[in-house]
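I opened a new notebook page for this one. These are my entries, in the order I looked things up.

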Amino acid sequence: MNKILISALEPSANLHLGEVLKREKFEICGIFDEHFGKPVISANEFNVMGFFDVIPKIKLAKEMIEKLSDMAGEVDKVLLIDAPSFNLRLAKKIKEKHPQKEIIYYILPKVWAWKKGRIKEVNKNVDKKAYIFPFEREIWKDGIYVGNPLLDEIKEFRDNKEKGNIAFLPGSRKSEIKSLMPVFRELRKKIDKNAILAVPEVYKDKIEQIYGDVSGFEVVFNAKEALLESDFAYICSGTATLEAAIIGTPFVLMYKAREIEYLIAKMFVKLNYVGLANIIFEREGLGEFHKEYLQKFDIKKLLEDMQSSDIVKFQEKSKKLRDILKHGSAENVAKLLKS
């Protein structure tokens with residue numbers, strides 16, 4: 001049985017890791033969710049977002065990079081998942097200490113959005129590049145398109161019957177939730193359907209503390225089920241928007257950051273869209289998949305988007321998206337770890 005050093009810092013990375021571990025048995029060590037085993041430190045310690053949220057974690061990150069790079073000498077392979085600010089530094093340190101150790105990077109840095117300098121870092125320190133969007137082949141010419149993890153995790157697609165629910169997904173990071181919940185409460189007051197609020201399981205006992213007043217919402221702990229049972233969704237920018245696009249639930253993307261962070265990001269990110277489904281569709285010459293609202297929200301416009309949504313047309317785009325992505329990725333990543 002291969003022993004694998006894993007670095008999976010984010011909730012989404014651990015979701016994708018779980019699918020890989022279902023396919024093959026490995027002895028694992030490193031950073032990951034505690035339900036997979038005993039990590040060096042819980043992945044929850046790194047659940048932050050934004051330039052300034054990261055600062056308090058720098059000392060801890062440096063300590064963990066030293067520790068994990070030492071541990072790399074005792075394993076067969078290394079699996080890095082997403083989180084480039086941490087994982088690229090870890091890959092470099094591992095190669096300094098153990099030059100022959102094979103490093104597999106699954107869900108590579110989004111260099112097509114910003115920080116193109118990371119291409120050189122990845123090529124220098126990563127042995128196998130497992131990318132998850134077909135258009136990334138333009139960048140990772142010697143990489144492997146393993147498929148997209150959401151096609152492993154999503155097996156059901158929404159029918160086109162009316163459900164009577166509207167879903168609200170304010171993200172998984174506290175800063176995202178704090179920014180969007182006041183807008184969601186305002187929207188909820190003007191919607192006569194049942195309002196479902198999707199909350200990550202990890203916040204189950206801290207809802208009032210993190211979300212504030214949720215009395216107008218039905219709280220659920222499964223975002224996928226919320227999307228399957230809703231006629232429309234308001235979703236924070238992130239993986240959940242791609243989930244909704246694949247499932248076939250019409251939605252709009254919403255995002256609000258600290259003004260300074262937004263301005264900094266705008267200086268560096270050269271994309272027409274932030275939503276993954278929109279980026280994929282644009283790359284394929286298929287136009288816009290869904291609406292996006294960044295920083296400022298017009299309640300009237302957001303309500304009009306819900307009222308005018310066409311589920312049949314939306315699901316035609318959803319089918320095209322699934323055809324572009326082809327298949328899930330977990331099986332292929334497990335094969336890379338086993339070989």
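Entry on Glu292. I'm looking at a predicted model, and I picked Glu292, which is found in strand E13. Which residues does Glu292 touch, leaving aside its neighbours within four places in sequence? I found contacts with Leu253, Tyr273, Val274, Gly275 and Asn278. I also checked its accessibility: Glu292 has a relative accessible area of 19%, and since the cut-off for buried is under 20%, I noted Glu292 as buried. Then I took a distance to Ser318, which is 26 residues apart from Glu292 along the chain. Their C-alpha atoms are separated by 17 Å.

Entry on the sheet. Next I looked up where E13 sits. It belongs to an open sheet of six strands, in the order E10-E9-E8-E11-E12-E13, and the pairing is parallel. Strand E13 (291-294) is an edge strand, and so is strand E10 (218-220); each of them pairs on one side only. From one strand to the next, the twist averages 20 degrees. I zoomed in on one pair: strand E8 (residues 165-169) and strand E9 (residues 194-198) run parallel over four bridges. One partner I wrote down is Asn194 in E9, bridged to Asn165.

Entry on helix H4. How many residues does H4 have? It has 14, covering residues 84-97. From first C-alpha to last, H4 reaches 19 Å, close to the 20 Å expected at 1.5 Å a residue. I listed its buried residues: Pro84, Phe86, Asn87, Leu88, Leu90, Ala91, Ile94 and Lys95. The buried residues of H4 pack against several elements, among them strand E1 (3-8), strand E2 (27-32), helix H3 (58-71) and helix H5 (118-125). Strands E4 (77-81) and E5 (102-106) are also among the packing partners.

Entry on cysteines. I searched the whole structure for disulfides and got zero. I looked at two cysteines anyway. Cys29 counts as buried at 11% relative accessibility, and Cys236 is buried too, with a relative accessible area of 3%.

Entry on confidence. How far do I trust all this? The mean pLDDT of the chain is 92, and 93% of its residues reach 70 or more. Where is pLDDT under 50? That happens over residues 49-53, for which the model has 15 contacts beyond four places in sequence. Where pLDDT is low, the predicted coordinates should not be read in detail.

Note on methods. Residues are numbered from 1 along each chain as its sequence is written. This is a predicted model: local features need pLDDT of at least 70, side-chain atom pairs count only at pLDDT 80 or more; totals for chains, interfaces and linings use all residues. Side-chain values use heavy atoms; hydrogens and water are left out. pLDDT is the predictor's confidence in each residue, from 0 to 100. Contact means heavy atoms within 4.5 Å. Two strands pair if DSSP finds at least two bridges between them. Helices (H or I, at least four residues) and strands (E, at least two) are DSSP runs, numbered from the N terminus. Axes are lines fitted to C-alpha atoms, for helices over the stretch in contact, and angles run from 0 to 180 degrees between N-to-C directions. A disulfide is a pair of cysteine sulfur atoms within 2.5 Å. Buried means under 20% relative accessible area, exposed over 50%, partly exposed in between (1.4 Å probe, protein chains only). The expected span of a helix is 1.5 Å times one less than its number of residues.
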